[in-house]
Amino acid sequence: MTEIRSMGGPDTMYDANGLESLLPTENALQNYDSPEYQQCKRQISNRQSQVLRQIYQQAAQGYVHGSPEEVAKLHDALEQLGPVSDKHGIIGTAGITDLVKQHKDVQQQIADAKQRAAKLELVADLEKRQAHFEACLSADEFQQAAHCLQSLLEFSQSQQGSAFQDFQQQCLDQKSALQETLQELVNTGVQSEAPHRPQLVINPNWLTGAGTDSQEVWRALQSLGSLQDVIGKLAKQICTHVLKPLLQLHPHPVHFQTQTQQDAEGSYSLEVSYGPAHAQEGQHVCSVESATLQCLQAIKQHAFGNNEEMVHELGSALWPKLAQAYVDCCMKPDQDQFTDAALLRNLLDHFKTAEQFETAAVQLLHQNEGRAGLGSPGAGAGAMRIHAFAQHCIDKAMHAKRMEVVEQARDIVVNDTQLETAIVGEDILLTPRSPDAQPDAQSDALLAAGPFAVTKSTHKVMQLVGGFVQDAVSSDSAAVVQSMCNAVLDIVLLFTAPSPKARHQLEQVAQLSCLHYNNCNFLAHELIQLPFMLRPPMVALLGHNWQFLTIAEDLRAAGHASLDTQVDRQAREGIGLLGAANGFRQVTSGQKGIAARRVVSQVLHSLSKLGDALGGVLPSQIYVQAAGQVLQALLETVVDDLLLINDISVDESEDLPKILGPLVEEGPLAALGRAHQQPGAAFSPATNKRQLLQTMKLAAPAIVKLQELLELMDVRLVEIQDRWQSGRLQTCGFEGQEVVHLVRALFEDTEGRRRVLHIVAST
């Protein structure tokens, strides 16, 4: 017999039909009544009935628990089993469908009964909560009442149906009524409007005789989500009717007093009053800042019970208004306070007091803890409003002061058209110094070079700088000192970055360039010394960033650039004069000899003019080095011209020393000019002259080389050999190729010349 399978396997109806097909037809077996046959037939019929019942049992479960698609498939299968089911007296598809429907109806009735029971329980719970809310409200337990009401409202908003909409509206009405009650309690607890102005009355026990303090009210408002709105209104009233009128009494002192009153029921109230100070005994006189802080302390302690969270909420709403009121009433400086030194110091002192008040108020109102308040994007944000405004005013004041001193310095420099000078520096015993020599480690580079002239305008500028830096240090403000140091940078630019017109004048006028060199070095020296004179306070204010070393180096670089430009210009002009001598060739001829002598005379005259014009301007040591550079360029050009001559006749060797000798003998003295005659010098001009000439020779080694070259034109060949072998010519700056060229130009080709040339070339 085929095995009966569960739902989802092969269709079991084929098993039943298969059993039926095993039997012969009725017609074929109508006369066949063997007992064995009848017994087998009964067994097959019983097995058919058993299989059909199992099939319908599984189908019934599928009707109840199956999906619509599965039920449709079962229905089609059972329809095919209909004839077999009827034969065995088993209920068919229609009967199963009716039973399934009855079963679902019963289940729906059970679900409806459970839902009605749940609604009854919900109604009972809501009635219980409503009763609890009414009880809390009657007992003045506002926090519990608010929490209960808020939970009822949240539940009603999560339900659907007209009944719950009515209940939700009822909860909203109760919430509005509770909020109004709490608002009235707040207005009663903190009274700042008329007729109490300018008083502040605080009733810590807001419900007379109930013993309920302010914390119940604040927590209830917090539960209802109305705390921020109520505290915002309260902060506005306190600021408008109490604190701002108090701040408007600034800068006069005020009397401030607090008074506690207690009624017959044991409740007490705190009255805070203030007004302009009078000469009366027993009055507590203080500043408006101190009175404001005391008023805030009273509100914090008696109205909020020192609850940090609630005080923080108050501060979030009150502090921006209070800070703005303080700025409007107490921090509106006049423009004159920005430029007058005494008024500026008073302004800075007042700003320090304002910042101290802000620090105390922010700490009192818990605005410096960096925590977020209810509905606030961040606590402590913008807490230092007064400091920001004070910094803005200080920056504005410093900018005005900076512009003022820079304009004064610019006017002094621009309006100095006479270029009046003054002699500064120290008188020293001059010693010969090479251009590369370093100044004494204990002295400034410029002062180590002797007295020098500076324009009086530069001297005035330095006095101006020293004056306003001293005022800045006296203000005891790091911001002021830093701003004035920046002003020094602006003033220095007048010297390190002159206008194109001024720069052109410096390049064209030698005396101006030298004065500019002196002015820059003088300012550099004075600026370096200035912080040492003010060192203790400047170190305390700016740390170690108080020295002017960088700008001093910029000044010195600008001065040296101006002097170097002028030295190059003078050298180019002198070299231009030498061009008319045609390289000093053929000086024995009449016209060329006269031209060469004229050129030498012009060069000496040019050096003399340079010495007379600048010798008394630059420091002596600096001038002789500059003049030595000019003289070096001129004489080096002369030496190069002579060494380029291929053939020097005997007559030329006799005339050239006579023509060029004055450059060696008189050139240094002409270039010296008045440098050895400094005004008020402590040493004799003769001493200075001797020392300066030695310094100039160190700066212009071409003097010795030209002198040696002129001597070589009048000596024998063997003498040239001896001087080369002894190293004298090398000491004078000659190279082997130069000596070889000179020997070939002076002497004819002989065995002796070839021997000397070989010796020079080989060594």
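In this predicted model, helix α14 passes helix α17 in a right-handed crossing. The axes of α14, which spans residues 456-474, and α17, which spans residues 510-533, come within 10 Å and cross at roughly 20°. Since angles under 35 degrees count as roughly parallel, α14 is therefore roughly parallel to α17.

From α14, the residues T458, H459, M462, V465, G466 and V469 meet a set in α17 made up of N519, F522, L523, E526, L527 and L530.

A second pair of helices can be described in the same terms, as two packed helices are described by the angle between their axes and the distance between the axes. Here helix α19 (residues 549-578) packs with helix α21 (residues 620-643) at an angle of about 30°, and their axes lie 9 Å apart. With that angle, α19 is roughly parallel to α21. The crossing of α19 and α21 is right-handed.

On the α19 side, the contact is formed by L563, V567, Q570, A571, G574, I575 and L578, which meet I622, A626, Q629, V630, A633, L634, T637 and V638 in α21. The residues of the contact of α19 with α21 divide into 11 nonpolar and 4 polar, with no charged residue among them.

Terms used: Residues numbered from 1 in each chain as written. Predicted model: local features only at pLDDT ≥ 70, side-chain atom pairs only at ≥ 80, totals over all residues. Heavy atoms only, no water. Axes fitted to C-alpha atoms, helices over the stretch in contact; angles between N-to-C directions. Helix = DSSP H or I, 4+ residues; strand = E, 2+ residues; numbered from the N terminus. Parallel < 35°, antiparallel > 145°, perpendicular 65-115°, else oblique. Left-handed = near helix turned anticlockwise from the far one by under 90°. Contact = heavy atoms within 4.5 Å. Nonpolar A, V, L, I, M, F, W, Y, C, P; charged D, E, K, R; others polar.
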